[in-house]
Amino acid sequence: MKKEINVEGATVPVYTYEEDGKTVYEFDTSMLGPPEPMVNALAVLKLLNSKNTKVVMINHKKPMGLLEKVEDKYNIEIHDYDGKYKIIFTLK
């Protein structure tokens, strides 16, 4: 069951839930333009503090600037998601 949480610096709702033994933090910036997707991603990525957590971002396009900025610290998976992109971040 998804539960909305407050994340400092985020401008969109952020939800948390459990999936396969991991805590997931999910947010959707698909209706926003730059710089909001990056601003929200950087705020939510601060919650990624163990191998048992992951961050799921839904966006209308691949956020290339964000990916280049954080790729050294996080594993990143990108999936097509109903005409959008689902980007999954985990700690390296």
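Tutor: Buried means under 20% relative accessible area, exposed means over 50%, and partly exposed lies in between, with a 1.4 Å probe and protein chains only. By that cut-off, 39% of the 92 residues in this protein are buried. The model is predicted: local features need pLDDT of at least 70, side-chain atom pairs count only at pLDDT 80 or more, and totals for chains, interfaces and linings use all residues. Residues are numbered from 1 along each chain as its sequence is written, and side-chain values use heavy atoms, without hydrogens and water.

Student: What makes up the pattern along the sequence?

Tutor: The pattern is β-β-β-α-β-α-β-β. That is two helices and six strands. Helices (H or I, at least four residues) and strands (E, at least two) are DSSP runs, numbered from the N terminus.

Student: Why is the protein called as compact as a globular protein of that length?

Tutor: The radius of gyration, taken over C-alpha atoms, is set against 2.2 Å times the number of residues to the power 0.38. The protein has 12 Å, close to the 12 Å from the rule for 92 residues, so the description holds.

Student: What makes a set of residues a nonpolar core?

Tutor: The members are buried Ala, Val, Leu, Ile, Met, Phe, Trp, Tyr and Cys, joined through side-chain atoms within 4.5 Å. The largest such core has 19 residues, and Phe27, Val55 and Phe89 have the most contacts inside it. Helix α1 gives the largest share, four residues.

Student: Which residues are in a second, separate core?

Tutor: That core has five residues, including Tyr17, Val56, Ile58 and Ile88.
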